[in-house]
Amino acid sequence: MTADSQGGSDPVAERLRRWRLVLGGEQDGTGVGLQPQDVTVDRTLEAVYGGGGAGAGLGGSAPRVVRWLGDIRTYFPASVVRVMQRDAIDRLGLSTLLLEPEMLEAVEADVHLVGTLLSLNKAMPERVRATARVVVGKVVRELEARLTQHTRATLAGALDRSARISRPRHRDIDWNRTIRANLKNYLPEYGTVVPERLVGHGRAARAVRKEVVLCIDQSASMAPSVVYASVFGAVLASMRSLDTRLVVFDTSVVDLTDRLADPVDVLFGTQLGGGTDIDRALAHCQSRITRPADTVVVLISDLYEGGIRDGMLKRVAAMKASGVQFVALLALSDEGAPAYDHEHAAALAALGVPAFACTPDLFPEVMAAALEKRPLPVPSG
């Protein structure tokens with residue numbers, strides 16, 4: 001039974017009960033007494049939101065935190081549990097307790113928890129790492145199940161359209177598009193269309209036709225974006241018509257392309273936190289481009305450049321001039337745009353590269369537009 005399911009049939013009494021749980025404390029002004037189950041719910045809320053700090057709440061004790069995690073999962077739905085866990089970690093400084101296997105087994109896993117675990121990656125003892133991989137793997141599998149089918153279908157359509165050629169062999173002619181392209185040549189006396197221009201399908205499946213480079217800022221604020229980008233990188237890498245490269249950076253650059261078969265391996269190859277050198281990362285990506293006209297580079301960053309600002313912009317301009325389709329995403333997550341460098345975003349926009357936050361559900365459409373060299377579906381507002 002959840003915290004919302006009690007209170008009787010009196011709507012006034014139910015509203016007072018809810019206010020009592022929200023306000024907490026005995027001198028809340030509602031005059032409402034709590035039933036035994038509500039007392040337990042009140043204590044679970046007080047542990048995080050009571051304002052007494054870490055010592056007054058969960059006390060930094062792993063057994064107490066595990067019991068608290070069990071309580072909130074009993075009384076609240078999973079979506080609320082994830083929010084309360086995140087608040088407990090942020091408000092009470094419980095990150096280090098995630099290095100305890102019993103804690104990891106008790107938490108409700110989500111993208112934000114994965115980000116927290118990755119930030120602790122280098123401090124994680126071996127006895128915890130196996131449990132952490134299980135937790136991260138569970139979230140990754142859920143994301144793959146949600147995102148893979150739509151991504152493949154959307155990009156396959158884009159690749160098919162971009163593969164159409166104007167001088168096809170007879171068996172490769174796309175007759176529907178050919179007829180539409182030649183309707184002006186319809187001869188009514190013969191009841192036929194004269195096909196002056198043939199439209200056909202290329203043989204996209206026989207060879208790699210497009211290259212995609214995902215260049216991901218791994219500063220701490222970008223944690224959810226790193227998680228989603230790793231999953232999308234694995235999906236793109238599984239498509240035969242794409243040659244996908246994945247690069248993460250802070251002040252150094254790490255190419256994780258050889259791990260793309262397993263996004264969990266990619267995630268454990270990252271190191272969240274540290275500085276940012278976008279220019280250096282783009283230099284690495286630029287040096288790996290062999291066919292600029294057939295390449296899409298996706299920079300995922302809040303654009304706080306710790307390297308050479310003018311160098312970063314000149315490098316973007318040079319890639320665009322060579323024919324590269326360049327995409328700048330301030331975030332790849334459900335939360336919207338984080339804090340970002342507005343000056344750098346405006347400078348990119350002046351180069352014809354709009355910088356915007358992108359949800360995971362929109363990302364396939366953004367990639368399809370880039371592959372087809374048409375305007376990106378930039379969200380309004």
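Analyst: A salt bridge is a side-chain nitrogen of Lys or Arg within 4 Å of a carboxyl oxygen of Asp or Glu. The model is predicted, so local features need a pLDDT of at least 70 and side-chain atom pairs count only at pLDDT 80 or more, while totals for chains, interfaces and linings use all residues. Residues are numbered from 1 along each chain as its sequence is written, and side-chain values use heavy atoms, with hydrogens and water left out.

User: What makes the pair Asp294 and Arg291 a salt bridge?

Analyst: The closest N and O atoms of Asp294 and Arg291 are 3.0 Å apart, and the limit is 4 Å, so the pair qualifies. Both residues also belong to a network of salt bridges with Lys210 and Glu211.

User: What does the salt bridge of Asp262 and Arg133 tie together?

Analyst: Their side chains meet at 4.0 Å, N to O. Asp262 lies in the loop between β5 (253–255) and α11 (263–268) and Arg133 in helix α8, so the pair ties together parts that are 129 residues apart in sequence. Helices (H or I, at least four residues) and strands (E, at least two) are DSSP runs, numbered from the N terminus.

User: How do you know on which side of α14 the buried residues lie?

Analyst: The buried residues of α14 (residues 342–350) are His344, Ala345, Ala347 and Leu348. They cover an arc of only 160° around the axis (taken from the directions from the helix axis to the C-beta atoms), which puts them on the same side of α14. The face turned away from that buried side carries the exposed residues His342, Glu343 and Ala350.

User: Where is confidence lowest, and where is it highest?

Analyst: On the pLDDT scale, the predictor's confidence in each residue from 0 to 100, helix α3 (residues 53–56) is lowest at a mean of 42, and strand β6 (residues 295–300) is highest at 98. Where pLDDT is low, the predicted coordinates should not be read in detail.

How values were computed. Buried means under 20% relative accessible area, exposed over 50%, partly exposed in between (1.4 Å probe, protein chains only).
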